[in-house]
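Trainee: I am new to this structure. Can you show me how to read its features, one at a time?

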Amino acid sequence: MKFISSDAIPELLEALSASSVVWAPRELTGSGGTVMFERWRTGDPIDLEHFSSLSAKDVVLPRTEKLFGYTYAFGGGLGGAFGNGAPAGEQLVIEPAEPAPPAVLFGARACDAKALDVLDALFNNPEGEAYNDPQYQSRRKSLTVITLACTTCDEACFCSSFGNGTSEKAGSDIIVYPVEGGLLAEAVSSRGEALLAEPIFEESEQAPPPLAETARIEGLERLEEKLPRLFDDMDFWQEISERCTSCGFCTYGCPTCYCFNIHDEMRSDREGERQRSWDACMFALYTQETSGHNPRPTLAHRYRNRINHKFSYYPENQGKILCTGCGRCIRGCPAGLDIRDVLRAALEEAPREP
Amino acid sequence: MSELVSDIQKILGETGLVLGWAATGAGGVAAPERFHTAEEAEAAIFDSTCVHNLAVHLPRLKARAVGIVAKACDARSIVELIAEHEIDRELVKVIAVTCPEMLDVKTIWRRHGYGAVIEDDGGELRVNGELVDRAAYTQAKCLGCEERPSASISASVRLQLSEDFQIMNVEERRTFWREQFSRCIRCHACREACPMCYCRDVCIMQTSDPHWTGGGINAGEAEMMQMIRVNHLAGRCTACGECERACPVGIPLMLLMEEQNRAIYEMFDYRAGVDPEAKPPLLTFDIKGDGWGEE
Amino acid sequence: MSTSIPQAGIKASEPLRPEPATVLEVIAETANIKTFRIAFDDPALAESFSFLPGQIGQLSILGAGESTFAISSAPSQKGRFDFSVMKTGVVTSAIHELSAGDRIAVRAPMGCAFPTDDWKGKNVVLVGGGIGMAPLRSLLFYLLDHRDDYGELTLVYGARTPEDLCFASDRRDWEGRADLDFAATIDTACTGWDGCVGLVPSVVEEKAPSPENAVAVTCGPPIMIRYALQSLDKMGFREERVYTTLERRMKCGIGLCGRCNLGPKYVCTDGPVFSLAELRELPDEL
């Protein structure tokens, strides 16, 4: 084990900032106690006490990112309904986005780090095997994850339902444990080891503190088989989703919800960029077709997709449950909906005869 | 059996559905609940954690008879929905409850941990057994409530913010909002929690045609989005504060609404949600002359 | 049905970035459908580009957005490809403004193709309606290019009125062919039309191609597909021998963005071609 004193943490973040973007949890001013992962700049306070309202997924899946820029070059006249179809002879130039700089995620929890491991299954495939996401990959490959072990938890936490709970190491490079006067640090990857070799970390014989034990729901892996059998039971989906008001917080706060929108933003009628932004399956417009037809026309349909995607489709396709039990969707739901009630109900529900 | 439960059971006989609360949320706080039977209704409660404005569900249920438990500010939303002919007066049965100062449960939990046990006897407020400052955890809308003058008003951090905002000049306000909106994630919780935002999937904050806002999640788009929303609620906002309560990143949206509500009151002598027969000022055309200001 | 892997035209290194291309020709098919003949600007890419019938692609008008369409031309046609586009929304309206020489951006091909190799030696019945003829046109070209590999070919293609039928010059060729049993039909009789009259499914039933050693493929408006499937079922076509191609709202086209799934399957990568037997296994969320 290594040790770093609380006083030395800003110094560490400062050193890391020289070559990387550093993300750390911070309470935002005038926000009623909202803690978010923000880009750390010299002098910024960090909050290692409270749970962040949103996950740290921005580090690999930014809220909005540029996919590429485009320019219609040479020539004068405008073509197309929006003036974008370039007239004959004009060049269309498509410029890739610049690669993101290396990043360090400091103070994520085990549930945040594990989420990266879960997302890797879809976004970070070996070359040639499936479609890959180069933006995700370049961010992920140059990311160092320093995870803050949870010595306390709250009533919304249920990471123990997903294997190792608070002692989960997947997705982390270094685990830090809060102790008197600072943090104990343990490397769990070679990248972590290299960082801990820096002189700012002292050798320590101290034992790490006991970790929190969070609530556990047994048998969530059974939902992969069970949910498809509940699919057509609309009364069930109606009932469990009736509190919901159809906002997108549960997906946007979630460390594993990754669905996105692709949209064009014009700087002028000749140039602009294509961007990718977070999108949410809880929005009606998400699957709305131009004809007006919507395959998921009601809230219950959308909620059904969200639960199925996390606990049945993703496990079937990627071998991992798309949830790490971080509890953010529970803490932040404006309507007081608790996904655990839904999961328990689904586990207990006997499929009705059609 | 409480009076509330028997009231709900009575209304159930007429409607078959009543929107209320039960103590099914974490730590024993209230969560919205739909009651269909007299037996289900026995779980109904009303206390200072019944923060949600259940009127948000009425436009979605407009085809059917429904009973609803409502606080004074929730009732204003119902009145405004009736005034706008969004819901049918005959189909909605309101069970009015006298509200205490409602608690800002989200902030309590942010400070004390989610699910921390809240005990409120109307006087002292305890969280996990520890006595806490009530004013710090009272909903801002209650502190400024016209129906029910508050005792806690002087100590409120949120009202201090409101006062600070009043004396800002335009440039300072701009900077203030830029910073606030920089954390907006466009989850639309503000819109979905608002009883008056019933445009649903044709809301122009999101549609591609017309394309009023871009698709990006950044301070500029968030600002544009909120300007649209605030303007669309001019003379319609009943100040229930749900947008601000629902915001997962704590943007003080009611500062904008309060400012606008004040302007509407000064200009039109109108408060939304007071008179079901009223014609909302910005939904009314009064054509004089040729419309170009010429005689 | 098999999950697609990166192919020419979609760079594995940057699958969401389209390639600049040029519209060579615009053919007005109906009042609201145009076919765009397109070639990639990069000569090497134009040369290497290939696809199979049933595959889809994404067309971009940068600034307006990107939409998904079936490739409607012959896979054997090298150097260029067709998309037939119905004007319905923002992107398709912008595409409809294009003329020959204009630039467009393309990601293609994507998705799986019709399993034409499995059909060798079999009779093939194609049932198309309206713009749904687009993928069937590509398939028919493929089958005719490999005519000896297949048995009898039947095509019933219908639209509401003669003016709503696409691919006029192709239809003239198809009508003249002895090795294709082709009927174009319109919903109700009108002057100047001496062809077949009646809804597509009933015309298929009248033609009564044998289900023996045969596969059927249907694509068109949802209501037509529903009745066509009923007719095919009545005629004895087994579910695993009946195919269709699905449309869903798509963004990424590579199975990441999350919106086109039918249960665990993604229409963009696992589809768009599905057999009826495969669809029966999936949740009904069309």
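This is a predicted model: local features need pLDDT of at least 70, side-chain atom pairs count only at pLDDT 80 or more; totals for chains, interfaces and linings use all residues.

Trainee: At what angle do the axes of α6 and α8 of chain A cross?

Mentor: They cross at roughly 90 degrees, and the two axes come within 9 Å. Angles of 65 to 115 degrees count as roughly perpendicular. Therefore α6(A) is roughly perpendicular to α8(A). For your viewer, α6 covers residues 234–241 and α8 covers residues 299–318 of chain A.

Trainee: Which residues make the contact between α7(B) and α9(B)?

Mentor: First the geometry. Helix α7 (residues 170–181) and helix α9 (residues 219–232) of chain B have axes that come within 8 Å and cross at roughly 105 degrees. So α7(B) and α9(B) are roughly perpendicular to each other. From α7(B) come Trp177(B), Arg178(B) and Phe181(B). From α9(B) come Ala219(B), Ala222(B), Glu223(B) and Gln226(B). By class, the contact has four nonpolar, one polar and two charged residues.

Trainee: How many helices and strands does chain B have?

Mentor: Chain B has eleven helices and seven strands. Its C-alpha trace spans about 65 × 45 × 35 Å along the principal axes. A compact globule of 295 residues would have a radius of gyration near 19 Å, and chain B agrees with that because its value is 20 Å. Buried residues make up 46% of the chain. Among chain B contacts with a separation of 6 or more, 63% join residues 24 or more positions apart.

Trainee: Now a sheet. In what order do the seven strands of the open sheet in chain C run?

Mentor: The general idea comes first. Strands of a sheet pair through backbone hydrogen bonds, either parallel or antiparallel. In chain C the order is β10-β9-β8-β7-β11-β12-β15, and the pairing is mixed. The edge strands are β10 (196–197) and β15 (273–275) of chain C, each pairing on one side only. Look next at β7 (residues 123–129) and β8 (residues 153–159) of chain C: they run parallel, joined by six bridges. Gly129(C) stands opposite Gly158(C) in β8(C).

Trainee: Which strands of chain C does helix α3 lie across?

Mentor: Helix α3 (residues 133–145) lies across β7, β8, β11 (214–219) and β12 (242–245) of chain C. It runs at about 155 degrees to β7(C). Helix α6 (residues 222–235) of chain C lies across β7, β11 and β12 of that chain, at about 165 degrees to β11(C).

Trainee: Is Arg274(A) buried or exposed?

Mentor: Count its neighbours. A residue is buried if 20 or more other C-beta atoms lie within 10 Å of its own. Arg274(A) has 25, so Arg274(A) counts as buried. Arg274(A) is found in strand β12 of chain A. Leaving aside residues up to four places away in sequence, Arg274(A) touches Leu67(A), Phe68(A), Tyr70(A), Ile262(A), Asp264(A) and Leu62(C).

Trainee: Last, the interface. How many residues of chain A are in contact with chain B?

Mentor: 40 residues of chain A are in contact with 38 residues of chain B. On the chain A side, the elements giving two or more residues are α7 (249–252), β11 (260–266), β12 (271–278) and α9 (328–332). By class, that side has twelve nonpolar, 20 polar and eight charged residues.

Technical notes: Residues are numbered from 1 along each chain as its sequence is written. Chains are lettered from A and ligands numbered from 1 in the order in which they are written. Two residues are in contact if their C-beta atoms, placed from the backbone, lie within 7 Å. Helices (H or I, at least four residues) and strands (E, at least two) are DSSP runs, numbered from the N terminus. Ala, Val, Leu, Ile, Met, Phe, Trp, Tyr, Cys and Pro count as nonpolar, Asp, Glu, Lys and Arg as charged, and the others, Gly among them, as polar. A residue is buried if 20 or more other C-beta atoms lie within 10 Å of its own, exposed if 12 or fewer, and partly exposed in between; C-beta atoms are placed from the backbone. Two strands pair if DSSP finds at least two bridges between them. Axes are lines fitted to C-alpha atoms, for helices over the stretch in contact, and angles run from 0 to 180 degrees between N-to-C directions. Angles under 35 degrees count as roughly parallel, over 145 as roughly antiparallel, 65 to 115 as roughly perpendicular and the rest as oblique. The radius of gyration is taken over C-alpha atoms; the globule rule is 2.2 Å times the number of residues to the power 0.38.
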